Amino acid sequence: MLSHSLLFLGIFVILGHGFLADVLPQAENNGTDFAEVILEDSENLTSTNFELLRRKSDRFKYVARSCKEILDIYGEREDGIYYLTTTNGMKYQTFCDMTTAGGGWTLVASVHENSIYGRCTVGDRWSSQQGNNPNLPGGDGNWSNRNTFGVVESATSDDYKNPGYYDIVAKDMSVWHVPNNFPMEHWNLAAILRYHTDNSFLRLYGGNLFSLFKQFPVRYSVGSCSDRGPAVPIVYDHGDRESTRNLYGPRSRNEFDPGFISFRAINNERAAMAICSGVKPRGCNTEHYCIGGAGYFLKDQCGDFPSFDADRLGGDQGWSASKEMTESAVLLFYR
């Protein structure tokens with residue numbers, strides 16, 4: 001009897017009063033013991049979960065290089081984790097966005113600032129984990145190498161990069177800014193900004209960021225402020241130009257045009273940043289609104305989010321990005 005009571009309490013907490021409204025008449029009308037009804041329903045819940053697990057585990061059988069191929073070949077239209085295979089036959093897991101703008105978007109990387117107070121310290125994989133070092137002008141070099149790291153389900157709590165980053169040949173990109181530590185099933189709804197490109201610009205640069213950054217290296221002293229990489233118009237899925245502008249500091253807003261994604265921006269001190277998310281720079285203080293970077297900055301700016309917290313450092317005020325932007329991971333997708 002005690003076990004039945006405990007089971008009832010657990011089911012009640014999970015399902016609430018609506019469940020009781022269905023069960024009580026059922027038990028009264030057919031003379032069935034109330035605890036037996038509870039047990040039977042809990043078994044149905046368990047079998048449903050197992051069915052869901054079985055269906056998702058079947059995705060391991062798919063043979064595809066991208067989420068777009070899974071959508072086209074197998075007709076899958078549910079967001080979630082899928083298995084992809086590289087040209088060399090290596091299988092790996094990643095997240096597929098199967099709903100935005102027709103679906104078929106493959107998550108290939110995330111940029112997560114583990115500590116805004118760190119300066120090219122452990123965890124700054126998209127700049128340098130070896131300190132602000134003039135002898136390592138390219139930092140860890142992960143924008144243009146085949147290193148992989150992280151786990152897909154933890155892409156909002158740590159840096160992430162899978163083999164699709166360099167293996168998939170894509171046309172367009174999608175970017176989500178998702179608050180740190182949000183679970184995967186809520187990424188879409190939790191995002192403070194989501195957008196994609198729709199002009200097949202990646203075809204001009206080898207089909208992925210790996211090839212693009214081979215052409216536009218992210219390293220210190222690579223060029224002047226005007227020597228930037230491409231700036232590509234974007235289509236907003238959540239947010240707009242005005243909300244993008246307000247995610248950055250008031251002084252930064254005078255230096256960029258929202259509605260773009262830009263690559264290899266160089267600042268006044270000749271340090272390169274990899275991506276300016278949602279904006280196209282017009283000025284040269286790009287460390288305040290562009291992410292990723294080289295391994296050396298003349299000022300105290302080294303890191304994955306180089307100088308997003310500039311006001312705290314006691315210099316000119318008004319450059320710091322918003323708390324929402326600083327405390328969100330940047331998820332990068334291909335299609």
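Biologist: How many salt bridges does a search of the whole structure find?

Modeller: The search gives ten. Keep in mind that the model is predicted.

Biologist: Start with Asp-159. Which side chain does it meet in a salt bridge?

Modeller: That of Arg-125, with an N to O distance of 3.7 Å. The two residues are 34 apart in the chain, and both sit in the loop between strand E3 (105–111) and strand E4 (160–161).

Biologist: Are Asp-159 and Arg-125 buried or exposed?

Modeller: Both of them are buried.

Biologist: And which residues are linked with them in a network?

Modeller: Asp-158 joins Arg-125 and Asp-159 in a network of salt bridges.

Biologist: Next, Arg-264. What is its partner?

Modeller: Asp-227, at 3.5 Å from N to O. Arg-264 belongs to strand E10 (residues 260–266), while Asp-227 is in the loop between helix H7 (209–215) and strand E7 (231–233). The pair links distant parts of the chain, 37 residues apart.

Biologist: Why does Arg-264 count as buried?

Modeller: Because its relative accessibility is 4%, and buried means under 20%. Asp-227 has a relative accessible area of 33%, so it is partly exposed.

Biologist: What about Arg-282, which residue does it form a salt bridge with?

Modeller: Asp-257, and their closest N and O atoms are 2.9 Å apart.

Biologist: Changing topic. What volume does the largest pocket have?

Modeller: About 300 Å³. It is lined by 14 residues, and the closest to its centre are Lys-56, Asp-79, Gly-80, Ile-81 and Met-184.

Biologist: What is the lining like by class?

Modeller: Six residues are nonpolar, four are polar and four are charged.

Terms used. Residues are numbered from 1 along each chain as its sequence is written. This is a predicted model: local features need pLDDT of at least 70, side-chain atom pairs count only at pLDDT 80 or more; totals for chains, interfaces and linings use all residues. Side-chain values use heavy atoms; hydrogens and water are left out. A salt bridge is a side-chain nitrogen of Lys or Arg within 4 Å of a carboxyl oxygen of Asp or Glu. Helices (H or I, at least four residues) and strands (E, at least two) are DSSP runs, numbered from the N terminus. Buried means under 20% relative accessible area, exposed over 50%, partly exposed in between (1.4 Å probe, protein chains only). On a 1 Å grid over the protein atoms alone, a cavity is a set of points where a 1.4 Å probe fits but cannot get out, and a pocket is an open set with protein on both sides within 12 Å along at least five of seven lines; lining residues have an atom within 4 Å of a point. Grid points are joined across faces, edges and corners, and a volume is the space filled by probe spheres set on the points. Ala, Val, Leu, Ile, Met, Phe, Trp, Tyr, Cys and Pro count as nonpolar, Asp, Glu, Lys and Arg as charged, and the others, Gly among them, as polar.
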